Amino acid sequence: MQMMVRVIAVSSLIHMIPFTANAQAPVQRYRLAAAQILGTSLQSSTAYDQLGELCDHVGNRISGSERLDQAIAWAVKTMKADGLQNVHTEKILVPYWKRGTEKAWTISPQRHELSVLGLGMSVATPQGGITADVVVVGSYDELDRLGEAGVKGKIVLYDVPFAGYGKTVGYRVGGASRAAKYGAVASLVRSVGSLSFDTPHTGTLSYNENLPKIPSAAVTIENSMMMRRMAQRGERIQLHLEMDNILIPDQPSANVVGEIVGKEKPQEVVLMGGHLDSWDVGQGAQDDGVGCLITLGAARAILDAGLHPKRTIRVVFFTNEENGDFGGKGYRDAHKPELGNFVAVLESDSGNGPVKGFTLDFHGEGPSKISVATPEEKDRAGKSLARMKSLNPLLEPLGATNMELGGSGTDVGSMVAEGVPGIGVSHDTTHYWEIHHTKADTFDKVIKLDMQKNIAAVGILAYVLAEMDETLR
Ligand SMILES: [Zn+2]
């Protein structure tokens with residue numbers, strides 16, 4: 001009965017994948033396989049159920065925590081159950097940033113309790129907290145104009161409206177040190193997200209080692225806007241902040257690896273994965289439990305379809321993406337001699353919105369860097385992208401045909417910098433930035449059909465990359 005269902009499904013699905021104008025085009029060879037992967041992906045809810053297990057049984061899992069250790073053990077068991085080969089862990093040392101009590105309230109012009117989340121890697125406040133006046137700025141230019149005279153001894157609040165993650169996140173990452181340069185005693189950042197129901201969005205910061213380290217936390221969009229209004233009225237804002245988090249360096253952790261070993265060129269590798277660590281709030285469902293399980297689901301969809309590619313498909317769940325990238329960099333260091341054999345490194349780390357296509361991160365030359373690339377580099381990137389685009393007929397039933405130059409992912413970024421073509425999954429992120437790095441990143445918001453389609457798109461692309469004569473290099 002199962003087989004019957006599959007045969008019917010694939011025979012109808014294959015008609016959804018169009019013939020290109022040139023029926024001899026190499027892509028035609030993969031029409032049946034793509035239809036099979038589409039069929040097995042849409043008929044399986046295993047990856048979705050596994051994500052539910054990870055979220056409900058383990059929950060959030062910051063680097064170095066016992067919960068991340070539980071998640072790693074769970075991932076080994078799950079990859080084996082899914083039929084992957086050579087399942088193992090690779091040890092990595094990671095920082096363990098442990099959140100403590102966090103409290104903040106305004107004292108003047110009125111007492112308001114504020115929902116805050118300390119930024120990952122932040123130092124704590126002195127015992128008893130910090131009480132100081134708040135200065136509200138909307139940009140670094142504004143901060144620079146105020147200079148030491150306007151900032152020294154104060155708490156700087158960056159009230160910067162969300163203009164896209166890439167454009168706004170810099171204030172969260174670098175704002176503390178920038179404020180410390182002018183003598184600020186702490187910094188706050190308006191949550192880097194597109195929506196808030198009194199939900200602060202956490203995330204990592206990065207200190208300039210040459211400047212004093214000051215504590216830093218995210219406030220909600222609501223409270224940031226309130227303090228902006230107070231400042232505009234000329235009111236004095238006095239605020240109290242307490243944070244007693246600690247940082248434990250060099251905790252043992254691991255990347256988790258499993259493979260479908262290639263039947264003709266096993267040494268050539270298509271790597272795909274996500275990161276298993278998450279922030280310590282919510283369930284880490286879409287950041288990035290789902291990315292891990294989209295790639296594992298894609299590998300299983302290939303196996304379920306009875307396909308066995310020429311090259312190896314390797315699934316990696318990275319550790320410590322969120323606050324250090326030790327998992328990605330450690331993987332690169334440990335595998336340097338074989339990077340020349342990597343056909344592509346794909347990362348799924350932008351949630352579970354419907355897949356729109358893929359971005360090609362060619363020698364690190366995404367849109368930001370292509371402008372400074374040499375004509376030869378641009379030519380190579382263009383040719384590589386054309387090869388990606390030639391696969392579009394296979395992805396048409398999923399609407400995943402938007403192929404462009406762009407970023408790939410933090411975990412694979414260091415391998416891309418070594419010359420391995422990187423691939424990012426483009427999703428509709430309309431609702432992703434609403435819940436990213438918040439308590440609200442929970443399993444209930446993961447839509448099963450979207451996840452199945454994401455799995456199908458990644459599965460089809462990974463299979464063809466592991467099979468095709470040319471590579472993206
Ligand atoms: Zn992530």
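## Domain organisation

The protein chain of this predicted model is divided into domain 1 (2-97 + 249-465) and domain 2 (100-244), with bounds that come from an automatic or database domain assignment. Taken over C-alpha atoms, the centres of the two domains are separated by 35 Å. Twelve residues from domain 1 and 14 residues from domain 2 form the contact; two residues are in contact if their C-beta atoms, placed from the backbone, lie within 7 Å.

Residues are numbered from 1 along each chain as its sequence is written. Local features need pLDDT of at least 70 and side-chain atom pairs count only at pLDDT 80 or more, whereas totals for chains, interfaces and linings use all residues.

## Overall dimensions and burial

The C-alpha trace of the protein chain spans about 70 × 50 × 40 Å along its principal axes. Of the 473 residues, 53% are buried, that is, 20 or more other C-beta atoms lie within 10 Å of their own, with C-beta atoms placed from the backbone. Among contacts with a separation of 6 or more, 82% join residues 24 or more positions apart.

## Secondary structure and helix 2

The protein chain holds 15 helices and 16 strands, which are DSSP runs numbered from the N terminus (helices: H or I, at least four residues; strands: E, at least two).

Helix 2 (residues 31-43) has 13 residues and should span 18 Å at 1.5 Å a residue, which agrees with the 18 Å between its end C-alpha atoms. The expected span is 1.5 Å times one less than the number of residues. The buried residues of helix 2 are A33, A34, A35, Q36, I37, L38, G39, T40 and S41.

Terms used: Buried ≥ 20, exposed ≤ 12 C-beta atoms within 10 Å, placed from the backbone.
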